[in-house]
Amino acid sequence: MENKGKVLMHKYEFGRFLGQGNFAKVYHARNIETGQSVAVKVIDKEKVLKVGMIDQTKREISGMSLVKHANILELYEVMASKSKIYFVMEYAKGGELFNKLSKGKLREDVARKYFQQLISAVDFCHSRGVYHRDLKLENLLLDENGILKVSDFGLSALAECKHQDGLLHTACGTPAYVAPEVINRKGYDGAKADIWSCGVILYVMLAGYLPFHDTSLIAIYRKISKADYKFPNWFSPEVTKLLSRILTPNRKSRISITKIMTNPWFRKGFNSKAVDIDAVCSCETNYNAFEAKKDTAKLTNLNAFDIISLSSGFDLSGLFVESEEKKEVQFTSLHTFSAITSKLEVNAQNLKLKVKEGGVMKMEGSSRGGRGTLAIDAEIFEFTPSFHLVELRKSSGDTLEF
Ligand code: AMP
């Protein structure tokens, strides 16, 4: 209870301990201003660093803010101190779906309802290029109305925890949900791997136990590779047929999400509209806020979450691998927005770069270098009216020239 009563960044008062993950402890907290209940995941930076973070994590953390859906646990903001990262998330009052299974298997219609919500969430994320890669029953939470909330979407790189040899760490959650190609390291399709895990989840909900279980890890992996499992006699023929198409070892012949969604067993009582409309609306708002690429929007408001993935100011530099060839630079400025844009324009003129107007300032060279014409995008992010982050990105041309 080390955090109880502690106030995070003058905003969230910590309450009771909710649970423990691989790298994180999760606490209930209350937004002091609004009274809203939230869950705060506290990640120990050092522990994460020890397992070796990869460049991809940076992208994935950025991706998280694009994923907003009725069945995905919402991430409100990310904060950081020197030693910790805090993910402030939607509070799932109903706890883990796992607990429902402690009383035994679920009825087929109940399992279907959860599976429909799971597939909706996964489909939504995949269509936005975000893969979970660690879907398991323990990552499925419920809100106060019993609505399914998938947690840790986009955080998979944190959970994946690879060893130096590239193998999955065995302590990293149960391996029983992992697709054969992930075990065999034979090319990797995030979408198909997630579908396999959804199949294992559906099986567990209906059976009350895992499809692949044995006394040793090697034996489990062998069973997964061959899709060596049996259906209990209470599984209906319809669900058996669907599961056989999902738990197919060859990922190329494994059923796609689109096909799952047209499957008659899946479609029974499925109200896709209610979920979809909600999801699309909230996502569009989020996209605009995050990308601000519309011509009218010259400034992008940053939240702490964006800062984490952009800034070295919080001493997160060690967290992410820097690319050898620098294709972008960032710096902060105490000048106003207009002063920064004027200065950029003057510098561009001195360098004989043509400035193009738009949401993002574009500067282009007039002569072709070895790798085409140099083009640079400049984007200005506002922290406060007198504190900005300027990002210069090479969009084409030679990196050395840049
Ligand atoms: P995780 O690190 O995500 O595996 O979280 C560890 C445990 O904390 C989970 O298994 C849940 O019991 C609990 N937990 C995580 N996130 C939430 C949340 N948003 N709301 C309620 N409980 C949560």
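This is a predicted model: local features need pLDDT of at least 70, side-chain atom pairs count only at pLDDT 80 or more; totals for chains, interfaces and linings use all residues.
Me: What makes a pair of side chains a salt bridge, and how many does the structure hold?

Reply: Look for a side-chain nitrogen of Lys or Arg within 4 Å of a carboxyl oxygen of Asp or Glu. The structure holds nine salt bridges.

Me: Which residue forms a salt bridge with Lys11?

Reply: Glu77 does, with 2.6 Å between the closest N and O atoms. Lys11 sits in the loop between strand E1 and strand E2, and Glu77 is in strand E5, so by position the pair links distant parts of the chain, 66 residues apart.

Me: Is Glu77 buried or exposed?

Reply: Buried means under 20% relative accessible area. Glu77 has 13%, so Glu77 counts as buried. Lys11, at 31%, is partly exposed.

Me: Where are Glu13 and Arg30, whose side chains meet in a salt bridge?

Reply: Glu13 is in strand E2 and Arg30 in strand E3, 17 residues apart. The N to O distance is 3.2 Å. Glu13 is partly exposed, with a relative accessible area of 29%, and Arg30 is partly exposed at 35%.

Me: What does the salt bridge of Arg254 with Glu181 tie together?

Reply: Arg254 lies in the loop between helix H9 and helix H10, and Glu181 lies in helix H6, so the pair ties together parts that are 73 residues apart in sequence. The closest N and O atoms are 2.9 Å apart.

Me: Are Arg254 and Glu181 buried or exposed?

Reply: Arg254 is buried, with a relative accessible area of 2%. Glu181, at 5%, counts as buried.

Methods. Residues are numbered from 1 along each chain as its sequence is written. Side-chain values use heavy atoms; hydrogens and water are left out. Helices (H or I, at least four residues) and strands (E, at least two) are DSSP runs, numbered from the N terminus. Buried means under 20% relative accessible area, exposed over 50%, partly exposed in between (1.4 Å probe, protein chains only).
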